[in-house]
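The sequence and structure come first, followed by notes grouped by topic.

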Amino acid sequence: MIRIDKRRARRNFEQAAERYDSVAILQREIADRLIERLDYVRIQPRLVLDLGAGTGYGIDLLRRRYRRARVIALDFAHPMLLRARRRGGWLARPLCVCADAESLPLADGSIDLIVSNATLQWCNDLDRTFAECLRVLRPGGLLLFNTFGPDTLKELRSAWSQVDAASHVSPFIDMHDIGDALVRARFADPVMDAEQMILTYSEVGALMADLKILGASNATAERSRGLTGRARLAALSEAYECHRRDGRLPATYEVVYGLAWVPEQKPISDGVAVPISAIQRRAGSSERA
Ligand SMILES: C[S@@+](CC[C@H](N)C(=O)[O-])C[C@H]1O[C@@H](n2cnc3c(N)ncnc32)[C@H](O)[C@@H]1O
C-alpha cells in the first residue's frame with residue numbers, strides 16, 4: 001500500500017503557503033460546493049472545526065453562514081495557519097491549532113461541526129482520522145468533508161506509468177471504502193456522492209507547476225528521491241500527449257463528498273452505550289439505600 005510521507009507533505013505545504021491562493025481555483029470551487037451542502041442541514045453550531053484549514057478560505061465561508069460560531073482552524077503546516085489567522089480582522093480571528101488531523105489535541109465532545117475541504121487524502125489512516133472526528137464531536141454533531149477519489153490525476157498516473165515504475169501520484173481512496181470507514185467509526189446516516197471536475201493545461205509542465213505551488217506534489221513514501229531529469233520529463237510529456245483534446249491536456253479530479261452524523265447516544269470505543277435508565281435490576285438483587 002502506498003503511504004504518504006507526512007514530514008515531506010507537511011514541508012511541501014509549509015513552502016506552498018505563500019502562493020497557494022494564486023492557484024487554488026479548484027479547491028475554492030469545491031469548498032463553495034461543500035459549504036452549500038449545509039443549506040440542507042439544520043444546525044446552529046457554536047464551535048466549528050475547519051480540519052486542514054490551509055490559508056483559511058473555508059473560514060470566511062463558515063463565518064458568513066454561522067455568525068455566532070467560533071471557528072477553529074487546524075492545520076499541520078504552521079505558515080498556512082499564519083495566513084488563516086489574518087482572516088476576519090483581529091476581532092473575529094479564528095483559533096488556530098497546529099496539529100495532525102489523525103491525532104486531534106481537542107477535548108472529547110467539544111465540537112459541533114467539523115468541515116474539511118481537500119485534506120483527508122493526506123491522511124494515512126482514515127479509520128483513525130474518523131475515530132478522532134467522532135471523539136471530538138458532540139453527540140448529534142456533524143462531519144462534512146470532501147476528498148479525492150481514485151480517478152484523480154488518472155492521466156498523470158497513466159503517463160508516468162509509461163515512463164518508469166516509481167510512485168509519482170498520491171493514493172486516493174474509493175468513495176465506497178470511505179463510506180465503509182465512516183460506518184466502522186460508528187458515524188450515523190452517512191451520505192456519500194462524487195463528481196468529476198477537469199482542469200485543462202497547455203502542457204504537462206504547467207500541471208506539475210500548479211501541483212507544486214499548491215503543495216500537492218509527490219509526497220508518497222515510495223517516491224524516488226532523486227531529481228526528475230529532463231529526459232524523464234520529456235518522456236512524461238510525450239506519454240501525456242495521447243490525452244490531448246481540443247488542443248488542451250486534461251487533469252481529472254474525482255471529488256468525493258461525505259456527510260455523517262454522530263449518534264445522540266455516542267458509542268463508547270469498542271463497547272455499546274446503554275443509558276442508565278435502561279439498566280434494570282435483576283429480581284432478588286439487594287437494594288442499597
Ligand atoms: C489542499 S489544502 C486545502 C486547504 C483548505 N482546506 C482549502 O480549501 O483551501 C490541504 C491542507 O491540509 C493540510 N493538511 C494535510 N494533511 C494534514 C494533516 N494530516 N493534518 C493537518 N493538516 C493537514 C495542509 O497543510 C493543507 O493546508
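The buried residues of helix α10 pack against α7 (154-161), α9 (204-214) and β7; contact here means heavy atoms within 4.5 Å. Helices (H or I, at least four residues) and strands (E, at least two) are DSSP runs, numbered from the N terminus. The model is predicted: local features need pLDDT of at least 70, side-chain atom pairs count only at pLDDT 80 or more, and totals for chains, interfaces and linings use all residues. Residues are numbered from 1 along each chain as its sequence is written, and side-chain values use heavy atoms, with hydrogens and water left out.

**Helix α10**
- Leu 236, Ala 239 and Tyr 240 are the buried residues of α10, which spans residues 230-240; buried means under 20% relative accessible area, exposed over 50%, and partly exposed in between (1.4 Å probe, protein chains only).

**Thr 252**
- Thr 252 belongs to strand β7 (residues 249-261) and is buried, at a relative accessible area of 2%.
- Its side chain makes a polar contact of 2.5 Å with the side chain of Glu 155. A polar contact is a pair of N or O atoms within 3.5 Å; within protein, one must be able to donate a hydrogen and the other to accept it, and residues adjacent in sequence count only if both atoms are side-chain atoms.
- Not counting residues up to four places away in sequence, Thr 252 touches residues including Asp 151, Lys 154, Gln 196 and Ile 198.

**Ligand**
- Of the 18 residues around the ligand, Tyr 20, Gly 52, Asp 75, Ala 101 and Asn 117 come nearest; a residue is near if one of its heavy atoms lies within 4 Å.
- A polar side-chain atom of Tyr 20 is 2.8 Å from a ligand oxygen atom, and a backbone N or O atom of Gly 52 is 2.7 Å from a ligand nitrogen atom.
- Taken alone the ligand exposes 590 Å², of which the protein buries 97%; accessible areas come from the Shrake-Rupley method with a 1.4 Å probe, and for residues only the protein chains shown count as cover.

**Whole chain**
- The chain has ten helices and seven strands.
- Of its 289 residues, 47% are buried.
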